[in-house]
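Open the model in a viewer and keep the selection panel at hand.

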Amino acid sequence: MTADAELEERARKLFSGPITFLKSAPGLKFLPEPIVPEVAFAGRSNVGKSSLLNALANRASLARTSNTPGRTQELNFFDVGDPLSLRLVDMPGYGFAKAPKDVARKWRFLVNDYLRGRAALKRALVLIDSRHGIKDIDREVMKMLDDAAVSYHLIVTKSDKIKPTDLTAVEQQTAEEARTHPAAHPEIIATSSETGTGIAQLRRAVLESIE
Ligand code: GDP
């Protein structure tokens with residue numbers, strides 16, 4: 001087996017084991033003890049973040065259980081593996097059109113506080129909708145990550161929604177822009193929670209980022 005295939009197989013095993021919701025943290029003092037590496041998911045609301053978390057974990061409704069309205073300004077932690085080997089962190093979605101200014105401000109404070117000074121955070125995954133590409137609001141988040149020196153991977157979502165030629169173009173544009181950001185990983189992963197495209201690769205990238 002090649003090293004890549006071996007890593008992918010271990011990643012598959014990890015995500016087919018136990019994954020459970022741990023807690024929601026509305027502020028820094030509610031964060032769990034940083035006893036294992038963390039990988040955080042970020043993206044505009046409706047980018048497909050909950051669907052991707054569920055596809056990654058191969059469960060129907062892991063992310064939704066905590067995604068009830070009113071709890072959106074919280075960081076949701078999920079324990080992965082037995083023994084516990086990693087935590088997934090579902091960050092609140094950003095950029096929804098009707099969000100009042102103070103919601104956006106709260107989001108910024110919460111996320112910035114978490115990103116800075118969380119040594120357990122090994123990688124962020126920034127989700128980009130294949131139909132829209134990188135938006136200015138995503139650029140702001142990428143800048144926050146660059147400034148906090150948190151390495152991140154750009155993940156294209158809903159790849160089944162566009163034509164293969166258009167997908168290639170979006171992947172190329174995204175990769176080009178990634179090269180201009182110091183903390184961005186050069187590889188772009190295109191995924192579909194609907195068809196399963198890229199999910200094995202994403203699992204592998206998550207495992208790779210904590211090893
Ligand atoms: P979130 O707000 O980022 O958590 O987004 P959701 O996961 O709730 O997804 C938003 C909408 O996009 C829902 O209607 C999903 O069914 C749909 N969706 C999410 N991922 C995919 C995908 O990979 N393919 C397709 N076709 N639809 C998707």
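**Ligand site, then cores**

The model is predicted, so local features need pLDDT of at least 70 and side-chain atom pairs count only at pLDDT 80 or more, while totals for chains, interfaces and linings use all residues. Residues are numbered from 1 along each chain as its sequence is written, and side-chain values use heavy atoms, with hydrogens and water left out.

Next, show polar contacts (pairs of N or O atoms within 3.5 Å). A backbone N or O atom of N46 is 2.8 Å from a ligand oxygen, and one of G48 is 2.9 Å from a ligand oxygen. For S51, select the side chain: an N or O atom there lies 2.6 Å from an oxygen atom of the ligand. Of the 580 Å² of accessible area that the ligand has on its own, the protein covers 73% (Shrake-Rupley method, 1.4 Å probe).

Now move to the largest nonpolar core, which has 37 residues. Such a core is a set of buried Ala, Val, Leu, Ile, Met, Phe, Trp, Tyr and Cys residues joined through side-chain atoms within 4.5 Å; buried means under 20% relative accessible area (1.4 Å probe, protein chains only). L75, M91, Y114, L115, L145, Y152 and L154 touch the most other members. Elements that each supply at least two residues of this core include β3 (75-80), α3 (101-115) and α4 (136-148), taken from DSSP runs (helices H or I, at least four residues; strands E, at least two).

Select L115: leaving aside residues up to four places away in sequence, L115 touches M91, L121, M144, L145, A148 and V150 (heavy atoms within 4.5 Å).

Finish with V39, A63, L125 and L202, which are among the 29 residues of a second, separate core.

Technical notes:
A polar contact is a pair of N or O atoms within 3.5 Å; within protein, one must be able to donate a hydrogen and the other to accept it, and residues adjacent in sequence count only if both atoms are side-chain atoms. Buried means under 20% relative accessible area, exposed over 50%, partly exposed in between (1.4 Å probe, protein chains only).
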